[in-house]
Amino acid sequence: MGVRLSTQRSLLAIALGFGVAMGAHAASTDIGPLPQVKINAKKAALGKRLFFDPRLSGDAAISCSTCHNPKAGFANRDALSPGYPGNKHFRNAPTVINAVHKKSWMHDGRLGTNLNDVTREMLTEDYIMNMDMRLMQERVKQDPKYVQMFKDAGYGEPSNGSIRKAIPEYLKTLTSKNAPFDTGRMSGSAKRGMKLFKGKGGCVQCHNGALLSDGKAHNTGVAENFDIFRDPQRHQAFIAFNMFMGNENYMNLKRDVGAHVQTHKADGSDMGKFMTPSLRELKYTGPYMHNGMIKSLYSVVAFYNRGGGKDSNKSKKLKRLHLTNDEMNDMVAFLESLSGDRLTGNQYVSNEKYPEEYQPIANWKNVRN
Ligand code: HEC
Ligand code: HEC
């Protein structure tokens, strides 16, 4: 009875609430399974070794996996990401699971070409891996194992270009596996949550498609994380970034402008918009939002139930939802059903253990003193 009632209510909400929004783009507001990806096993195995290898950072202290850690769903448990030693980042490290399915990357969507470019940015950015491209390929050539692996993968001699191709090949192996949403093994609560997600909750307006993301930027009014301004190591990275992006008045800026970097609107109406993230694998990737300001999925749902945060540019799509506590729990159960098997990083590629010196350094902060 309760179930049927909530179904009727959500259908009503669809009919009344966003008939207009859905009308023209009905197909794009569906949610569904991810497409398959073809993987070249030899290239992916090489990419995996590179992903976990700290020698790809300037002082050989951190690897991709320091911030995109398999133990945290290939994201990071810190609200704000670590950075290259001597720096810290000003955003949450997103998961790289399903990154291959995206069309633009970064919380502000500023990179819209391909994962080779994202990989280059990660390697060379001063406050991320601070790697000099002239040095990188020479370092890799010093390791006979790499020389062999590049040859076996069909790349010839190790080069910066092939490093930037092999890592994305490994990222292809990191996609959702066996999520109850995909296998159909959803609990009753998760199924009720899905109806709310599509109906009364209005989530599907922005979270749609196979990734549950419209690939666009919106302002949801997430509170600023002031650790960016309290911590000089974060603030210096923040200033360097904003200066490089050509953001006005960057020395005095006290907010992350988000997707403003794409549009630079003079009236500032694009300030504080962030890309709609995928909702897959959230079980492993908290805390949430571009700055890690929300700790749990229940708190995220509570945030939306209040109609989002406070911001003069906030999306008109967000309204108070009046969900009951049971409905909020159902919504959380649905979000959890979008997470599959915990990925160890060994999918489709060898689970060979690398020599100790190539392992990511667990607590690299201690490496320096
Ligand atoms: C020091 C921490 C750190 C390291 C090391 C690091 N990343 Fe990142 N990565 C981040 C942060 C933070 C972001 C988000 C940046 C932003 O939004 O401006 C990010 C974003 C990404 C994204 C985009 C994800 C998305 O959904 O938009 C990919 C892909 C990625 N990194 C891959 C890599 C690869 C590959 C490496 C190694 C070559 C690497 N990262 C090394 C912190 C790191
Ligand atoms: C107006 C578009 C919009 C609507 C409607 C919307 N979201 Fe979001 N959602 C976003 C954006 C944009 C972000 C990222 C905000 C940020 O990073 O600061 C986000 C972030 C999230 C996150 C955090 C994901 C992560 O990895 O950090 C979750 C969970 C989420 N939304 C669930 C929902 C649910 C559940 C609903 C419905 C109750 C909903 N969203 C409605 C746009 C929307």
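## The shell around ligand 1

In this predicted model, helices α4 (64-67) and α5 (115-124) each supply at least two residues of the shell around ligand 1. Helices here are DSSP runs of H or I with at least four residues, and strands are runs of E with at least two, numbered from the N terminus. The largest contribution to this shell comes from α5, with four residues.

There are 25 residues around ligand 1, and C64, C67, H68, K102 and M122 come nearest; a residue is counted if one of its heavy atoms lies within 4 Å of the molecule. By type, the shell divides into 16 nonpolar, six polar and three charged residues. Nonpolar covers Ala, Val, Leu, Ile, Met, Phe, Trp, Tyr, Cys and Pro, charged covers Asp, Glu, Lys and Arg, and the others, Gly among them, are polar.

## Polar contacts of ligand 1

A polar side-chain atom of H68 lies 2.8 Å from a nitrogen atom of ligand 1. A polar backbone atom of H107 is 2.9 Å from an oxygen atom of the ligand. The side chain of R110 has an N or O atom 2.9 Å from an oxygen atom of ligand 1. Such polar contacts are pairs of N or O atoms within 3.5 Å.

## The iron atom of ligand 1

Donors are N, O and S atoms within 2.8 Å of the metal (3.2 Å for Na, K and Ca).

## The iron atom of ligand 2

H207 (NE2) and Y304 (OH) coordinate the iron atom of ligand 2 at 2.0 to 2.1 Å. The two residues are 97 residues apart and link distant parts of the chain: H207 lies in the loop between α10 (188-198) and β1 (217-218), and Y304 in helix α15 (residues 297-305).

H207 is buried, with a relative accessible area of 10%, whereas Y304 is partly exposed at 22%.

## Conventions

Residues are numbered from 1 along each chain as its sequence is written, and chains are lettered from A and ligands numbered from 1 in the order in which they are written. Local features need pLDDT of at least 70, side-chain atom pairs count only at pLDDT 80 or more, and totals for chains, interfaces and linings use all residues, while side-chain values use heavy atoms, with hydrogens and water left out.

How values were computed
Buried means under 20% relative accessible area, exposed over 50%, partly exposed in between (1.4 Å probe, protein chains only). A polar contact is a pair of N or O atoms within 3.5 Å; within protein, one must be able to donate a hydrogen and the other to accept it, and residues adjacent in sequence count only if both atoms are side-chain atoms.
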